[in-house]
Amino acid sequence: MNRQPLISVIIPTYNRLDVLAELIESLWRQTYRHLQIIVVNDNGEPVDELKELYPELDLTVVDMDSNLKHVHARNRGLELARGDYIMLCDDDDLLLPSHVERMLHEIEDCDLVYPDVEIFDYTVVNGVRRATKRFVFAYEHDFAAMRRFSTFFSSGCMYRPELHERLGPFDPEMYHYWDWDFYLRAAEQFRVKRVPAASALYAFADSGNNMSGNLEDMRPYLDKLSAKHGLGELPTKNFFLLLEEPEVKARRAETELLWNGEPVVSRRAKQAGGVSKEA
């Protein structure tokens, strides 16, 4: 009898218990269930109640002794991963039910796969995020173009643990661009594939401010990334303005849309407010 591969899901978190609970709910809804879920709490509010809310899940909570930020938290999660594959996810993103099953199928002939995405703006109603606007993020995978503007999406990406054996852990020096750095290192030595299905959901609020960030703060990290990989001068425009650049627009791709637009209501939200309508 063939053994089901184990997927280790690594989730760093810091003081976002409500949205983290939605992500855990989305993992519970997966059609593929053989998951090791590792939540690394970066010295924030306790999140252990999730283990009680979702006793069916193999859910481990690791509490960091101090707030070392998300890259260190991911590396701590790597130390505990025992899966045949590793999957990354930010604590405020969501994965649609078929996501893990599809990624597992797609990775058979390569080493790292990543999904297309729906980005959504939202309001919070009774403790639940409800989409107000949606934007499809789907771009052809082109390594040379990815050195100018990365469309690699780390939440929901799946890869073989052997990547870290050769590349080492995530680089804590790349605070703002750790995912771009990881992609570039991986794509130089391993087989990488984009999966044309928008099976991951990226949440933002306030017109995407968290996606542009403080450009002055980000510039030194972008320069450091460029020096590390020989990328030359890179722009620090707002994320959505970069998407309008001709070379980026030319890479727009068709994708399969899977989301019905309904919210993911966690057991925590139900317990707190008795929400009736759910995704």
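This is a predicted model: local features need pLDDT of at least 70, side-chain atom pairs count only at pLDDT 80 or more; totals for chains, interfaces and linings use all residues.
Residues are numbered from 1 along each chain as its sequence is written. Local features need pLDDT of at least 70 and side-chain atom pairs pLDDT 80 or more, while totals for chains, interfaces and linings use all residues, and side-chain values use heavy atoms, leaving out hydrogens and water.

Me: How many salt bridges does the structure hold?
Reply: A salt bridge here is a side-chain nitrogen of Lys or Arg within 4 Å of a carboxyl oxygen of Asp or Glu. Going by that, the structure holds 29.

Me: Is glutamate 256 buried or exposed, or in between?
Reply: Buried means under 20% relative accessible area, exposed over 50%, and partly exposed in between (1.4 Å probe, protein chains only). Glutamate 256 has 37% relative accessibility, so this residue counts as partly exposed.

Me: Which helix holds the arginine 102 that pairs with glutamate 256?
Reply: Their side chains meet in a salt bridge at 3.1 Å, N to O. The pair links distant parts of the chain, 154 residues apart: glutamate 256 is in strand S10 (residues 256-257), and arginine 102 is in helix H4 (residues 99-106).

Me: What is the relative accessibility of aspartate 181, the partner of arginine 185?
Reply: These two form a salt bridge at 3.3 Å, N to O, and both lie in helix H7 (residues 178-189), four residues apart, about one turn of the helix. Arginine 185 is buried at 12%. Aspartate 181 is buried too, with a relative accessibility of 0%.

Me: How are H7 and H9 oriented to each other?
Reply: Their axes, lines fitted to C-alpha atoms over the stretch in contact, with angles from 0 to 180 degrees between N-to-C directions, come within 11 Å and cross at roughly 10°. Angles under 35 degrees count as roughly parallel, over 145 as roughly antiparallel, 65 to 115 as roughly perpendicular and the rest as oblique. H7 and H9 are therefore roughly parallel.

Me: Which residues are linked with Arg185 in a network of salt bridges?
Reply: Arg185 pairs with aspartate 181. The network links Arg185 with Asp171, Asp181 and Lys228.

Conventions: Helices (H or I, at least four residues) and strands (E, at least two) are DSSP runs, numbered from the N terminus.
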